[in-house]
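The exercises below are to be worked with the sequence and the structure in view. Each task is followed by a solution in steps.

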Amino acid sequence: MIKLKKRISGSQLLSLRFLLSVAILLAAATGLRPGVQALEEHYMKEPIAIRKALKDFDFLSLPSFRKGWDFIRKDNLKADLGTDEFLYLDFMATDIMKSPDHFVLFVTYYSDPREKIPHTPEVCSRQAGAIVRKMSTFTIDTPQLAPEYPYVKARLLILEKPERYSIVTYVFFVEGQFRYSREQARWVIATPGNRHVYFSKIEAATFCPIGGDLTAGTEQCKKLLREALAVLLKEHFPLTEQLKR
């Protein structure tokens, strides 16, 4: 009888521990969902409007370029890009002896914390049939943006299409930070801290015939990117203090 009592007591003890564990887990599960939801609501970033619409970009502020053909109107871009804040302009180098002489400035602006940044030139160009011959990063000096941004790291693409190359330089500007890859930009968007979220892709591109001088076109694209960034940060993108909680 004594051994039986001990056996029963041990069983009761195990049952009591099991019931306590279940009760603790249930209590934790009950409070976990509201707690997570409260944290998500607290740290969830909110949209913020651009300070000045991209359609009002002052192309006269670019010292090395002037407007080329009339504004390139891409009415179907809004549906493709998922935003109505975009800029697609044709420019010519003010130095008419430069070759190539035509350049495109393409800028998009988003302010959605759920945005996954689907559009990058290397992805879209491959889908359109281009061959990526080169993809690298480069650094440009940006004294116009000093002291906050004395230099900027950006991405360079050389894309081969039938009978010509496309030279593309681009960079992301995400919540006041420059990033040169989609993964880096996503990380900034997902990181808590700021109250508001936005990102922009700034792209300068030109064309070059097969066998042409890629170096000259690359340097001109870098120059257009540098000069456009100075205008965009000064007049268009939200100020850093506007992002804070």
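**Exercise 1. A salt bridge between two elements**

Which kind of contact do the side chains of Glu122 and Arg155 make, and at what N to O distance?

Solution. The model is a predicted one, and side-chain atom pairs count only at pLDDT 80 or more.
- Step 1: The side chains of Glu122 and Arg155 form a salt bridge, with 3.9 Å from N to O. This falls inside the cut-off, which is 4 Å.
- Step 2: Because Glu122 belongs to helix α3 and Arg155 to strand β6, the pair ties together parts that are 33 residues apart in sequence.
- Step 3: Glu122 and Arg155 are both buried.

**Exercise 2. Two further salt bridges**

- Step 1: Asp56 has 38% relative accessibility and so is partly exposed. Lys55, with a relative accessible area of 65%, is exposed. The limits that apply are under 20% for buried and over 50% for exposed.
- Step 2: Lys222 and Glu219 are separated by about one helical turn, because they lie 3 residues apart in helix α5 (residues 214–236).
- Step 3: Lys222 is buried, since its relative accessible area is 16%. Glu219 is partly exposed, at 44% relative accessibility.

**Exercise 3. A buried arginine**

Which side chain of opposite charge is nearest to Arg182, and how far away is it?

Solution. Begin with the general point.
- Step 1: Side chains of opposite charge can pair when their charged atoms come close.
- Step 2: Arg182 is found in helix α4, which covers residues 182–190.
- Step 3: For Arg182 the nearest side chain of opposite charge is Glu183, 4.4 Å away. The salt-bridge limit is 4 Å. Arg182 is therefore buried without a salt bridge.
- Step 4: The side chain of Arg182 does reach a backbone atom, the oxygen of Ile117, at 3.3 Å.

**Exercise 4. The largest cavity**

Which residues line the largest cavity?

Solution. Start from the count and then go to the lining.
- Step 1: There is 1 cavity of 30 Å³ or more, and the largest cavity has a volume of about 40 Å³.
- Step 2: Its lining consists of Thr108, Tyr110, Ile117, Pro118, His119, Phe199 and Lys201. Ile117 is also the residue whose backbone oxygen is reached by Arg182.
- Step 3: At least two lining residues come from each of β4 and β10.
- Step 4: Sorted by class, the lining has 4 nonpolar, 2 polar and 1 charged residues.

**Exercise 5. The largest pocket**

What is the volume of the largest pocket, and which residues lie closest to its centre?

Solution. Proceed from volume to lining to a single residue.
- Step 1: The volume of the largest pocket is about 780 Å³.
- Step 2: The pocket is lined by 31 residues, of which Tyr88, Phe106, Ser125, Lys161 and Glu203 are the closest to the centre.
- Step 3: Elements that contribute two or more lining residues are α2 (77–81), β3 (86–93), β4 (102–110), α3 (121–127), β6 (151–161), β7 (164–174) and β10 (199–209). β4 gives the largest share, 6 residues.
- Step 4: The lining divides into 17 nonpolar, 7 polar and 7 charged residues.
- Step 5: Glu203 sits in strand β10. Its relative accessible area is 12%, so Glu203 is buried.

**Exercise 6. Sequence separation and distance in space**

How many Å separate the C-alpha atoms of Phe172 and Ala185, and how many those of Lys67 and Phe91?

Solution. Take the pairs in turn.
- Step 1: Phe172 is part of strand β7 and is buried, because its relative accessibility is 0%.
- Step 2: Phe172 and Ala185 are 13 residues apart along the chain, with 6.8 Å between their C-alpha atoms.
- Step 3: Lys67 is in strand β2 (residues 65–67) and counts as partly exposed at 29% relative accessibility.
- Step 4: Between Lys67 and Phe91 the separation is 24 residues in sequence and 4.5 Å in space, from C-alpha to C-alpha.

Key
Residues are numbered from 1 along each chain as its sequence is written. This is a predicted model: local features need pLDDT of at least 70, side-chain atom pairs count only at pLDDT 80 or more; totals for chains, interfaces and linings use all residues. Side-chain values use heavy atoms; hydrogens and water are left out. On a 1 Å grid over the protein atoms alone, a cavity is a set of points where a 1.4 Å probe fits but cannot get out, and a pocket is an open set with protein on both sides within 12 Å along at least five of seven lines; lining residues have an atom within 4 Å of a point. Grid points are joined across faces, edges and corners, and a volume is the space filled by probe spheres set on the points. Helices (H or I, at least four residues) and strands (E, at least two) are DSSP runs, numbered from the N terminus. Ala, Val, Leu, Ile, Met, Phe, Trp, Tyr, Cys and Pro count as nonpolar, Asp, Glu, Lys and Arg as charged, and the others, Gly among them, as polar. Buried means under 20% relative accessible area, exposed over 50%, partly exposed in between (1.4 Å probe, protein chains only). Lys and Arg count as positive and Asp and Glu as negative; His and the chain ends are not counted. A polar contact is a pair of N or O atoms within 3.5 Å; within protein, one must be able to donate a hydrogen and the other to accept it, and residues adjacent in sequence count only if both atoms are side-chain atoms.
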